Amino acid sequence: QYEYMDRLRDRSERIWKQTGRQPLAMVQTYGCQQNENDSERLRGMLAQSGYGFCESVQQADVIIFNTCAIRENAEQRVFGNLGALKHEKRRRPELVIGICGCMMQQPQVAKQIRQKYRHVELLFGTHTLYQLPQLLFETLENHTPAISVWDMDGQIAEDIPVRREGGVKAYISVMYGCNNYCSYCIVPYVRGRERSRKPE
């Protein structure tokens, strides 16, 4: 993935020289602290790839929604925001729109997004978060959607760059997933079985 970050950074620098403007990314997070933690990694990989950051849809060259599957309200907001981006994508075909996180680990939701929101080009789940640089590079180079959703428990990818907001707190995951399968909880289904990081 670091090779893809290098390739993306070279691409970003070429664009910066040609246009006088650094490519910008927007990462919008829905859900829990684990999603916030994942978004710090998404921003870290994007920063390593030469992207700056913004909060404006109109300024962003890459928009990624990191989604939650627990609250129906959060899902409806994601669908609404994806629908609104259709016009922006029509206006700026070079814009890359991606969606990742827990919603993508639900097969029926991932299928719905592929069918109804064809302007979304990046789809990846919680187990393939670390593949963002490769997926983004392939989408930009080939002008085709890149999809990576595993229905099995993923490996824990270490040494992912992290970009944190502020310097007072930091999320540090020591474990992913859960083995309990409580009747009210979706976590084992979207985050997989319990996996711990190596102590070192």
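A pocket is an open set of grid points with protein on both sides within 12 Å along at least five of seven lines. The model shown here is predicted. In this model, about 330 Å³ of space lies in the largest pocket. Its lining comprises 17 residues, and the closest to the pocket centre are Arg11, Ile15, Glu94, Leu95 and Leu140. Two elements, α1 and α5 (132-142), each give two or more residues to this lining. Helix α1 gives the most, with three residues. By class, the lining of the largest pocket has eight nonpolar, three polar and six charged residues.

How do α1 and α5 pack? Their angle is about 45°, and their axes lie 8 Å apart. Angles under 35 degrees count as roughly parallel, and 65 to 115 as roughly perpendicular. The helices α1 and α5 are therefore oblique to each other. Their crossing is left-handed. On the α1 side, the contact is made by Tyr4, Met5, Arg7, Leu8 and Arg11. On the α5 side, Pro133, Gln134, Leu136, Phe137, Glu138, Leu140 and Glu141 take part. This contact of α1 with α5 divides into seven nonpolar, one polar and four charged residues.

Helix α5 has another partner. Helix α2 (residues 33-48) packs with α5 at an angle of about 55°, with the axes 10 Å apart. So α2 and α5 are oblique to each other as well. Here the crossing is right-handed. Leu42, Met45 and Leu46 of α2 meet Leu132, Pro133 and Leu136 of α5. By class, this contact has six nonpolar residues, with no polar and no charged ones.

Phe79, Leu82 and Lys86 in α3 meet Val109, Gln112, Ile113 and Lys116 in α4. The contact of α3 with α4 divides into four nonpolar, one polar and two charged residues.

The largest cavity has a volume of about 210 Å³. Of the 15 residues that line it, Thr126, Leu129, Gln155, Ala157 and Tyr176 are the closest to its centre. The lining of this largest cavity divides into six nonpolar, five polar and four charged residues.

The second largest cavity has a volume of about 30 Å³. Which residues line it? They are Leu8, Arg11, Ser12, Ile15, Pro23, Tyr51 and Leu140. Helix α1 (residues 2-19) gives the most to this lining, with four residues. By class, the lining has five nonpolar, one polar and one charged residues.

This brings the reader back to the start.

Note on methods
Residues are numbered from 1 along each chain as its sequence is written. This is a predicted model: local features need pLDDT of at least 70, side-chain atom pairs count only at pLDDT 80 or more; totals for chains, interfaces and linings use all residues. Side-chain values use heavy atoms; hydrogens and water are left out. Contact means heavy atoms within 4.5 Å. Ala, Val, Leu, Ile, Met, Phe, Trp, Tyr, Cys and Pro count as nonpolar, Asp, Glu, Lys and Arg as charged, and the others, Gly among them, as polar. On a 1 Å grid over the protein atoms alone, a cavity is a set of points where a 1.4 Å probe fits but cannot get out, and a pocket is an open set with protein on both sides within 12 Å along at least five of seven lines; lining residues have an atom within 4 Å of a point. Grid points are joined across faces, edges and corners, and a volume is the space filled by probe spheres set on the points. Axes are lines fitted to C-alpha atoms, for helices over the stretch in contact, and angles run from 0 to 180 degrees between N-to-C directions. Angles under 35 degrees count as roughly parallel, over 145 as roughly antiparallel, 65 to 115 as roughly perpendicular and the rest as oblique. A crossing is left-handed if the near helix is turned anticlockwise from the far one by less than a right angle, and right-handed if clockwise.
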